[in-house]
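Here is a friendly look at the aromatic and nonpolar side chains of one protein. Please keep the structure open as you read.

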Amino acid sequence: MTSTIANRIGTAAFTLLFFGFLFGPLAIMVVTAFNSSSFPRVVPWDCFTTDWFGKLAADAKLLHGLGNSLLIGAGVVALSTPIGLAAALALSDVGPRLRGLLYTVFISPILMPGIVIGISTLMFWGRLGSGLGFGFDSIFFDGFFLTILGQVCFISAYSMLIFIARLQRFDHTLTEAALDMGATPAQAFRKILLPFLRPAIFSSAVLAFLASLENYNTTVFSIVAESTFTTELASKVRLGIDPSISAVAVVIIAITLVGAIVHEVHSRRTAALAQGGAAAARILNNPVNAVLRHPATAGLLLVGLIGLAVYYGKDHDSRACEQAIRDAKILEQERLQIEMRERMKEQAPAAPAPGSNAPSTPFGGVFAPGGLGGAPAPEAPKPAPVTPFGGVFAPDSLGKPAE
């Protein structure tokens with residue numbers, strides 16, 4: 001084997017292990033969502049079923065938590081995106097020395113543990129509300145309000161990093177030219193800078209929403225009496241899991257894949273149009289290509305495929321297969337019980353034949369079944385042994401007068 005072949009085999013093995021490490025748990029999670037076993041597992045495989053998705057759809061607590069997560073995520077996006085943009089613009093306009101100090105201040109919430117942010121948010125706004133004379137039914141003690149503020153503390157820093165990366169490629173002479181031509185700062189921001197930052201705004205909004213949706217450490221302390229999708233999932237895991245958790249993973253993975261594929265189609269179409277030439281002509285001059293390579297078409301196709309899978313999957317009935325599995329388990333238990341009884345019979349001692357003498361024991365057979373019917377006859381007293389003292393120390397001689 002040459003070194004080139006060995007390198008290729010090693011590279012392929014490392015690549016396989018790397019992707020297996022990344023996507024192996026997700027693949028196992030997806031498979032367990034379609035196994036009828038009450039515990040998430042791949043082997044032994046029982047029956048193909050889609051009932052766990054129905055159980056997930058009927059879980060009122062989980063759906064209530066999902067609704068709360070969507071509301072909180074929308075609030076976090078509405079606050080963290082403009083805060084992150086303002087912080088990035090401030091860092092791009094100040095001097096190098098002050099920029100380092102502000103950057104450290106803005107980035108510090110990311111380095112803070114989530115439980116510290118959650119507890120501090122709860123205590124700060126609670127004390128502030130009590131100091132201002134507000135009751136426990138005010139906004140200062142509202143779980144949604146506290147959770148949004150707690151998450152915005154560190155998610156806005158993520159948004160700031162995205163805007164900083166985008167602003168590093170911005171040509172500031174464009175803004176200066178617009179101002180020289182009579183545009184106001186607001187017009188220059190709206191007409192020049194904001195269109196340039198549009199991809200960063202979209203990326204920041206998506207990142208903020210996903211970070212809010214999956215956050216647990218901060219939310220579990222600031223949500224107070226309410227619950228979110230993540231905290232409700234954590235409660236279900238503590239109380240015992242079933243494959244409906246895997247169904248949640250399948251839904252999230254499907255939504256992520258649809259979004260990623262649509263974004264990829266949009267990016268390739270935009271790059272081809274920006275490149276111009278033959279690549280753009282294949283899209284613009286061919287109506288079929290223009291429709292097929294449009295991100296909306298890709299999104300509709302994927303949503304249609306998911307709809308077909310749901311339509312045919314909801315009618316799948318696995319009860320007959322599950323009953324056959326239960327019957328097989330019952331038969332197996334009965335077989336094991338029979339084998340155990342036969343094994344116990346073989347290991348039991350043989351019973352004595354009727355009329356045979358009882359085995360001799362140190363107790364004289366008093367515990368034998370036949371020995372319980374009556375008291376044994378008293379034995380005749382043994383003669384006292386002959387001693388030099390004439391038997392005066394014998395037990396029966398103590399009450400007798402001396403001869």
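A residue counts as buried under 20% relative accessible area, exposed over 50% and partly exposed in between (1.4 Å probe, protein chains only). This is a predicted model, in which local features need pLDDT of at least 70 and side-chain atom pairs count only at pLDDT 80 or more, while totals for chains, interfaces and linings use all residues. Residues are numbered from 1 along each chain as its sequence is written, and side-chain values use heavy atoms, with hydrogens and water left out.

Let us begin with accessibility.

| Residue | Relative accessible area | Class |
|---|---|---|
| Phenylalanine 18 | 41% | partly exposed |
| Phenylalanine 154 | 10% | buried |
| Tyrosine 158 | 28% | partly exposed |

Phenylalanine 18 belongs to helix α1 (residues 3–32); helices are DSSP runs of H or I with at least four residues, numbered from the N terminus. Together with Phe14, Phe19, Phe21, Leu22, Phe23 and Leu26, Phe18 makes a nonpolar surface patch of about 770 Å² accessible area.

Now to the rings. The whole structure holds 13 aromatic pairs, meaning ring centres within 6.5 Å, with planes under 30 degrees apart stacked, over 60 edge-to-face and the rest tilted. Phenylalanine 154 and tyrosine 158 pair edge-to-face, at 6.3 Å between centres and 90° between planes. Both sit in helix α6 (residues 143–167), about one helical turn apart because four residues separate them. Elsewhere, ring pairs connect Phe124, Trp125, Phe134, Phe140 and Phe145 in a cluster.

Notes:
Phe/Tyr/Trp six-rings, centres within 6.5 Å; stacked < 30°, edge-to-face > 60°. Helix = DSSP H or I, 4+ residues; strand = E, 2+ residues; numbered from the N terminus. Patch = residues over 30% accessible without salt bridge, like charges linked within 9 Å, V, L, I, M, F, W, Y side chains within 5 Å. Areas by Shrake-Rupley, 256 points an atom, 1.4 Å probe, with all protein chains shown as cover. Salt bridge = Lys/Arg side-chain N within 4 Å of Asp/Glu carboxyl O.
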